[in-house]
Amino acid sequence: PPFERVLVDRLRANAFPDYDRLGNPQLEPERTISYDVGLVYSLPQGFYLDVSSYLKDVSNLLQIAEYVDVNSVRYTTFLNREYANIKGFQVNLERNRGLLRGSVRYNWESAKGKSASAIGSGVLATFDETGQESELPGPEDVFLNYDRTHKVVTNLNLKTEDKFGFQVFGIRPLAKFSMGGTYRLLSGRPYTWDPSGEGLQFNRRTPTEHDLSMRLNKGITIGDTDAQLYFEAFNLLNDKVFHYTRTFEDATGTQNQF
């Protein structure tokens, strides 16, 4: 676990008792057991197909917990309490030789659990002075906030060799030239929408994201020096890029973000 969760304490100023958050030296390492099985099949014309599936069993993840001691003083610490169940499959068709190269990759994934991070999402575990938990999490797992159900990445690249094309005054304008583009499609991430206070968690998704980038590259030789001239363009679809760090800090506060 992170060092600050194990040994670092946070104290209150001008208060007695002064402890507010205590590290937990008894925390165990977080653990992931991964299973993966796949098949790679060679096809004609330089193509190959890669199909695989995977499962990740994640346990001993951290969650913040609040305790009330015998003096009714509240403080927080961390427990090995959370888990995640991540599964998915991937299909990748790729051509890595010839004038036109590229790949198309599709990934389906499901990431479920009770809480995506130690602080800021999920139900706060609360224990009274007898060590009994006052509020249990819901029985159903929810999609974790980093879940992306569908991911598609398409990459195409036109690449010429050193002596490709016609020649003018000893120069080959189309030689050592490449033009490529990459398109990405990502499902939105889950967030919480609970205006009526029903205790819902991560029950909606942010907008689907699209991104298209392009690069032109031309190799030139001047004497004994090889150089590369290139032009790059990003976000050609002029799609909004969402920054979710602030949004996902508090599962109960995300209802005002969208």
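Reply: Let's start with N238, which sits in the segment after β14 (225-233); strands here are DSSP runs of E with at least two residues, numbered from the N terminus. This is a predicted model, where local features need pLDDT of at least 70 and side-chain atom pairs count only at pLDDT 80 or more, while totals for chains, interfaces and linings use all residues. Residues are numbered from 1 along each chain as its sequence is written, and side-chain values use heavy atoms, with hydrogens and water left out.

N238 has a positive phi, near 55°, without being a glycine. Most residues other than glycine have a negative phi. N238 is exposed, at 67% relative accessible area (exposed is over 50%, buried under 20%, partly exposed in between, with a 1.4 Å probe and protein chains only). Q45 also shows a positive phi, about 65°, and is not a glycine. Q45 belongs to the loop between β3 (31-42) and β4 (47-68) and is exposed at 57%.

Now the rings: there are 5 aromatic pairs, taking Phe, Tyr and Trp (its six-membered ring) with centres within 6.5 Å; planes under 30 degrees apart are stacked, over 60 edge-to-face, the rest tilted. Y19 is in β2 (residues 19-21) and Y75 in β5 (residues 74-95), so the pair ties together parts 56 residues apart in sequence. Y19 is partly exposed at 22%, whereas Y75 is buried at 19%. Ring pairs link Y19, Y67, Y75 and F127 into a cluster.

How values were computed. Helix = DSSP H or I, 4+ residues; strand = E, 2+ residues; numbered from the N terminus.
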